[in-house]
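Welcome, and thanks for taking a look.

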Amino acid sequence: MLPLKDEHVALRLVDVCKTFKREKRRKGRWPWQAPHADETATLVRALDHVSLEVRRHEIFGILGPNGSGKSTLVRVVSTLLLPDSGRVEVFGYDVVREEQAVKRLINRVSVEAAFFKKLSAMENLIFGARLYGLPGAEARRRIVAILERLGLDEEATYQPVEDLSRGMQQKVAIARAFLTQPILLLLDEPTTGLDPRSRREVQAFVRELRDTHDATILLTTHDMQEAEQLCDRVAIIDRGRIVASGTPAALKAQVAPPDGAAPTLEDVFLALTGRPLVEWADEEKEVVA
Amino acid sequence: MSTLIREARASYAFVERNINLIKRYWGWEIVWLSYSVANSLAVTYIGAGMGYISGQTVDTQFLIMYLLIGTLVWHFLSVVFDVVSETVAWERWEGTIEYTLMAPISRFTHLVGTTLFSLIYAFFHTAVILAAVVLFFRLDLSGANLGGAALVLLAGSVSFIGLGIVAAILPLLFPERGAQMTHVVQAVLLLVSGIYYPVEVLPDWLQLVSRLSPATYVLRGMRAAILDGAPLVELRATALPLLVLGVVLVPLGVFVFQQAERFAKRTGRLSRDG
């Protein structure tokens with residue numbers, strides 16, 4: 001086990017910015033032709049001076065609509081994207097300068113379960129385990145135990161991943177992440193697209209991970225109920241900016257719905273941003289230049 | 001020591017995974033191998049037909065052997081290139097590239113694992129083609145130094161790995177057509193390395209370029225070993241530039257790949273949609 005530089009703060013982001021450039025060209029124009037005035041590249045600010053701290057053993061939620069910067073944030077922490085500015089530390093290790101150390105402490109589950117679809121769950125997981133230095137026999141033992149805990153029967157373990165349901169594939173993705181026993185687990189919308197039963201099973205497993213293992217969990221979601229039920233604290237992200245953070249109860253205490261009903265995180269969203277969460281779901285990201 | 005074991009396990013992971021993929025796509029493997037054998041036979045038939053084409057007496061056996069060596073080396077090189085670049089392209093397509101790049105292994109280990117499989121696969125393919133063509137034309141290899149030829153090919157493999165790694169940056173940066181772009185590198189090597197003709201027939205400036213291609217030395221060494229039965233002592237002259245090229249090309253390939261990876265991470269090109 002790698003010694004931790006910071007025993008108490010699992011994740012620290014300080015003033016992190018990330019901007020993407022998107023080329024814009026008129027239909028029918030050749031790449032070598034001089035651009036028109038309206039064809040200049042646009043800059044999409046995915047993370048806008050983001051600062052936050054996740055304490056060890058917390059389940060910390062990032063709540064925001066599609067395109068708000070949740071996945072970019074997870075990718076930056078996962079060492080898959082380099083921030084333009086700011087600092088990101090995992091247990092005190094800098095994700096840019098100490099990338100290898102960070103990689104040994106983290107793992108990630110993304111919204112899409114990415115696998116070699118023709119290979120079986122077992123073959124995919126063995127591959128993942130070997131990359132983290134686990135011997136084959138040890139990996140097999142762990143895989144069987146984790147998949148059993150997640151409710152996947154042995155027959156499914158040896159079927160090609162493409163033959164498994166979306167829910168089963170997502171369970172295999174969670175098994176891949178947990179197999180390497182990360183102490184910071186990044187869950188990027190892990191329950192999106194799952195049926196209610198699979199969703200409940202995954203949520204129960206997330207809770208179990210935190211309670212029975214030395215795991216801190218960063219969970220992104222646009223499901224307010226999930227955020228409320230699972231997370232110790234939540235940060236609300238809107239167009240790359242963190243607009244509020246705190247416990248779900250503290251956030252809800254900030255708003256009072258006009259009809260006098262008990263406030264929800266949806267109401268918090270509405271109050272802080274002026275628009276409901278669902279309405280933004282498929283909006284474009286913010287264009288800043 | 002534990003670091004070495006961990007890295008060795010990680011390298012083996014790529015070999016094992018690709019073998020598993022071959023098992024799943026066995027039908028395609030048979031098609032590909034059949035195509036490769038037929039293609040090599042077609043090339044060697046040019047040698048068999050040269051007497052008819054020119055109307056003069058030629059040493060048909062020699063020509064067949066000459067072209068056979070060219071087609072074997074070309075096939076070997078192509079397989080190494082294709083496997084390395086397709087593996088990266090495949091990982092991009094399936095979305096697993098992010099998980100592979102997130103793993104706590106050095107890029108050297110990652111690329112060595114991928115290329116190690118490509119070498120095993122390419123050696124197997126080349127051996128099958130050699131056996132098929134030898135049986136088809138009833139070639140006499142009794143005077144050939146086959147062990148020496150294999151050693152030359154092995155020495156050249158190090159350089160081919162380096163070039164393959166350089167070529168692998170194309171699918172890393174261009175998700176849709178990157179794998180096909182590597183054909184540019186292969187085409188240049190085909191032109192300058194003397195695969196089917198001596199480099200001496202090329203213009204002077206292309207002959208200069210041919211000195212930078214490892215395939216030039218592999219072909220020279222293999223032809224000396226198989227056509228002339230040259231002993232190992234004589235093959236040292238071709239093995240030396242191959243080893244020098246390998247020592248330069250492998251670290252260069254890893255360095256270039258790391259730079260491409262950094263660029264991809266800066267611009268957000270690693271995700272599945274590019």
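Two strands count as paired if DSSP finds at least two bridges between them. With that in mind, chain A holds an open sheet of 4 strands in the order 2-1-4-5, with antiparallel pairing. Please keep in mind that this is a predicted model.

**The sheet of chain A**
- Strand 2 (42-55) and strand 5 (93-94) of chain A are the edge strands, each pairing on one side only.
- Strand 1 (residues 9-22) and strand 4 (residues 85-90) of chain A run antiparallel and are joined by 5 bridges.
- In strand 4 of chain A, A:V88 is the residue that stands opposite A:L13.
- Helix 1 (residues 70-77) of chain A lies across strand 1, strand 2 and strand 4 of chain A, and runs at about 65° to strand 2.

**Where the two chains meet**
- The contact draws on 36 residues from chain A and 35 residues from chain B.
- Together the chains bury about 3,400 Å², with 59% of it on carbon and sulfur atoms.
- In chain B, the residues that lose the most area to chain A are B:Y99, B:M102 and B:K265, together 23% of what that side buries.

**Polar links across the interface**
- Between chain B and chain A there are 14 residue pairs in polar contact.
- The interface also has 5 salt bridges.
- B:R24 forms a salt bridge with A:E123, where the closest N and O atoms are 2.7 Å apart.

**What chain B brings to the contact**
- Helix 1 (2-24), helix 3 (60-94), helix 4 (97-102) and helix 10 (232-267) of chain B each supply at least two residues to the side touching chain A.
- Helix 1 of chain B gives the most, with 11 residues.
- The residues on this side of chain B divide into 14 nonpolar, 8 polar and 13 charged.

Methods
Residues are numbered from 1 along each chain as its sequence is written. Chains are lettered from A and ligands numbered from 1 in the order in which they are written. This is a predicted model: local features need pLDDT of at least 70, side-chain atom pairs count only at pLDDT 80 or more; totals for chains, interfaces and linings use all residues. Side-chain values use heavy atoms; hydrogens and water are left out. Contact means heavy atoms within 4.5 Å. Buried area is the accessible area (1.4 Å probe) that two parts lose on being put together, summed over both. A salt bridge is a side-chain nitrogen of Lys or Arg within 4 Å of a carboxyl oxygen of Asp or Glu. A polar contact is a pair of N or O atoms within 3.5 Å; within protein, one must be able to donate a hydrogen and the other to accept it, and residues adjacent in sequence count only if both atoms are side-chain atoms. Ala, Val, Leu, Ile, Met, Phe, Trp, Tyr, Cys and Pro count as nonpolar, Asp, Glu, Lys and Arg as charged, and the others, Gly among them, as polar. Axes are lines fitted to C-alpha atoms, for helices over the stretch in contact, and angles run from 0 to 180 degrees between N-to-C directions.
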